[in-house]
Amino acid sequence: MTKITIVFFLFANILAYGQNNFTISGTIKDRSNGEMLIGASVLVLENKTAGGAVTNTYGFYSMTLPKGKYTVEYSYIGFEKIVKQIDLNTNLVVDIPLVPLSRVLDEVKIVDQSRISGARSSEMSVNRLDIKTIQKLPALMGEVDIVKSLQFLPGVSQVGEGSSGFNVRGGSVGQNLVLLDEAPVYNSSHMLGFFSVFNPDAVKDVKLYKGAIPAEYGGRVSSVLDVRLKEGNNKKTEVEGGIGFIFSRLAVQGPLIEDKSSYLIAVRRSYVDALSTLLTSNNFGLNFYDITAKTNYIINRKNRLYLSGFIGRDNFGLSDEAKFNWGNKSATLRWNSLISSKLFSNVSAVFSNYNYQLGFNQDANNKYDWRSSITNYVLKPDFSYFISRNSELKFGLESSYYRFNPSNTVGTTNGETVDSSQPLKYALEMAGYINHKLTVSPKLELQYGLRLSYFNYLGPGTAYQYNDTIPGAKKTVVSERSYKSGESIASYKNPEPRISAKFQVDEKTSIKASFSRTAQYVHFISNTSASNPLNIWTPSTNNIRPAVGNQYTLGYFTDLGKTANYELSVETFYRNTSNEIDYINGAELLNNDRLEGDLLSGKGRAYGLELYLQKKKGLITGWVSYTLSRSELKVDGINKGAWYPTRFDQTHNLKVVGSYTINEKWSTTADFAFTTGTPTTYPNQRYLSQGVLIPYNSKDSRNDARLSPYHRLDLSLRMEGKTKRNDGTPKKNTSYWVFSIYNVYGRRNAFSTYFTQSSDRVTALQPIQTQAYRVSIIGSMVPSVSYNFKF
């Protein structure tokens, strides 16, 4: 009887709430091009402290209020505010087109596109960079880059120039989930890490989650980088691009059906190979290209379809005989639907493929070809239910089917061909999640959720059982079992709770804390000093367990100055991870059908302090970020079972960025980076075999030494083209030049150090000498100039 009474009471309260409250919902977009605005603010001026609404990834907002008259403010950084008087006595649909601020009116220069002050936002360990800010940063060869720009944020680093990807809070490159319009990207780099695959002309929003990862994301233990593409101008045709030393780019967008359908096509192509052919006699070649495209169609006010795609490839030829290449392909079909004024849905179907090839071709009778790839298909329905102004519920499902091609290898020697390819591997990953954002009071806001994930390693295939050996030694197969197609070889499931809280101390200051657990079922296999495009992705198996990470964060956020010109954040974090993968000495990764026998599993931990101070307004803007952290592993069989630093551990990481607007035509930006040298392992002994000196480490240590510290200064100068005609009317076309110097004082930062036998002749009984060589990828000043245009 009691349970029936409680249910009746709750139902009655829901009915009463619905009778006394009404909903304002709609979309906020850029009036000049029809682009939906992510993170635009909706604020009720009669009660600012009670919170407001923020548009979601698709520009939609919903807010439920008691019946009455309200003054509602709609705003977005870089746009003019709109204030509307609303008489709320029924459910209303209010779509708002915001007008971009003109260059004359745009007196506020923003360096971090946080729509709401960090002290008032409920998010923590999250960074969102504005494309305009990214375009101002000095860059190698004058080409702006999204991933390189992220490395100036606290907690983000890279092993060095020439290494792919990025590291977040002591995690490896393979522990970052990188999404391009919801499609996973397995290698985010072009030209061996010097540029990213993201064309800035096509990107609308860049958001990095370093901690407090929402329950809607899963599959990686370190971070999530969510990159969203522009939708295309549905008002008029626009063309923009740039010409630089390394590559040129061109983007075209415009309406297919005005105000109803639009398109975007952006292309890039490098020409290092063409310059090399002209300037040298060898056949060295390195080039890349990518094509990014997107279109959308508004079915009606409540339904909209999006289709986006990406294809990119790198080609690296040392000569006519030795070449390798790699590339990504992806496609995303999304259906947005406004089911009601409170319920919003998005259903996504995703395809993603990353493949890479290594080949040697001496002649028709002597050649070698190795190929590998990872492909997955994703279906993901997501829902947002706006219960009230202070309560929002998100829930959904995700299913991902994987196909791994570990090695397709064919070699021909003296006309005899041997096929040593490995069989394909298959897996299914599924998850369901629910997340609740609740404003308990004007001072306390909670966000909590649960993600349940399940992984099934599927046949056909052969599962091997390995013997127990001395820790750190290669394991051998003692038995094996074959499985039929679709049969489960090994399965895992993990609950992944997430919770975060914000306490608003006063209008300018807040304290935030979070906990998140994440599971990673696919593994990035690399035992090189830095990741490269030929590293392998492999699923969790009966011998490789999924990595599970727990991250705890605590942060202090405050606005400084009378007009909140400055923003300061201090965050501490600690993450422990189980089932981290490392490798025996001399592990063979390529074309090894007994790869699991060379892998070791252990514990990981990363912890640190992040300081971030930014100046957001005025002629001089910029930020300072400093990270003090450690990243360590403990694996039985390595370093005598003691903790040792990871290859990407950096104790100190200091980044400084400053921009100065000289006048309407000229502006300048400088950035400086200093990091502790990354760990490495040096030999402490040597032995001689048939006149060949072989270095050797007898201590069984790993990463017990460090390279010299890394530091670099970059400068750029931007010159705007004419914005007005001779008669004073605004010009339709705009352009600007960027003059930059990368590595101003020519610092030769060490990427690695290696030892070789000296070539000097020695007399009898004299010991053979060794020589140490420091490898610097970029060891000199690199000036550049690029021209950018838009019409």
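The accessible surface of this protein chain comes to about 35100 Å², and 58% of that area belongs to carbon and sulfur atoms, where accessible areas were calculated by the Shrake-Rupley method with a 1.4 Å probe and, for residues, only the protein chains shown count as cover. Please keep in mind that this is a predicted model, in which local features need pLDDT of at least 70 and side-chain atom pairs count only at pLDDT 80 or more, while totals for chains, interfaces and linings use all residues. Residues are numbered from 1 along each chain as its sequence is written, and side-chain values use heavy atoms, with hydrogens and water left out.

Let me stay with the whole chain for a moment. The protein chain holds 4 helices and 51 strands; these are DSSP runs, with helices being H or I of at least four residues and strands being E of at least two, numbered from the N terminus. Of its 791 residues, 53% count as buried, and here buried means under 20% relative accessible area, exposed means over 50%, and partly exposed lies in between, again with a 1.4 Å probe and protein chains only. If we take contacts, meaning heavy atoms within 4.5 Å, between residues at least 6 apart in sequence, then 65% of them join residues at least 24 apart.

Ile-257, for instance, lies in strand E19 and is partly exposed, with a relative accessible area of 43%.

Now to the charged pairs. Side chains of opposite charge can pair when their charged atoms come close. A salt bridge here is a side-chain nitrogen of Lys or Arg within 4 Å of a carboxyl oxygen of Asp or Glu, and by this rule the count comes to 34 salt bridges.

Which parts of the chain does the pair of Glu-610 and Lys-210 link? Their side chains meet in a salt bridge at 3.3 Å, N to O, and the pair links distant parts of the chain, 400 residues apart, with Glu-610 in strand E38 (residues 599–615) and Lys-210 in the loop between strand E16 (203–209) and strand E17 (223–229). Glu-610 is buried at 3% relative accessible area, and Lys-210 counts as buried too, at 2%.

Arg-268 forms a salt bridge with Asp-290, their closest N and O atoms being 2.7 Å apart. Because Arg-268 lies in strand E20 (residues 261–270) and Asp-290 in strand E21, this pair ties together parts that are 22 residues apart in sequence. Arg-268 is buried, with a relative accessible area of 3%, and Asp-290 counts as buried at 0%.

The side chains of Lys-474 and Asp-598 also meet in a salt bridge, at 2.6 Å, N to O. Lys-474 lies in the loop between strand E30 (461–466) and strand E31 (477–483), and Asp-598 in the loop between strand E37 (566–583) and E38, so the pair ties together parts that are 124 residues apart in sequence.

Let me finish with some loop residues. Asn-749 is found in the loop between strand E48 (734–742) and strand E49 (752–757), and Asn-749 is buried, with a relative accessible area of 3%. The side chain of Asn-749 reaches the backbone nitrogen of His-711 at 3.1 Å. Not counting residues up to four places away in sequence, the residues that Asn-749 touches include Pro-709, Tyr-710, Val-775 and Ile-778.

As for backbone geometry, a cis peptide bond joins Gly-459 and Pro-460, with omega at about 10°, and Pro-460 is found in the loop between strand E29 (444–458) and E30. Glu-182, although not a glycine, has a positive phi of about 75°; Glu-182 lies in the loop between strand E12 (176–180) and strand E13 (183–184).

Note on methods:
A polar contact is a pair of N or O atoms within 3.5 Å; within protein, one must be able to donate a hydrogen and the other to accept it, and residues adjacent in sequence count only if both atoms are side-chain atoms.
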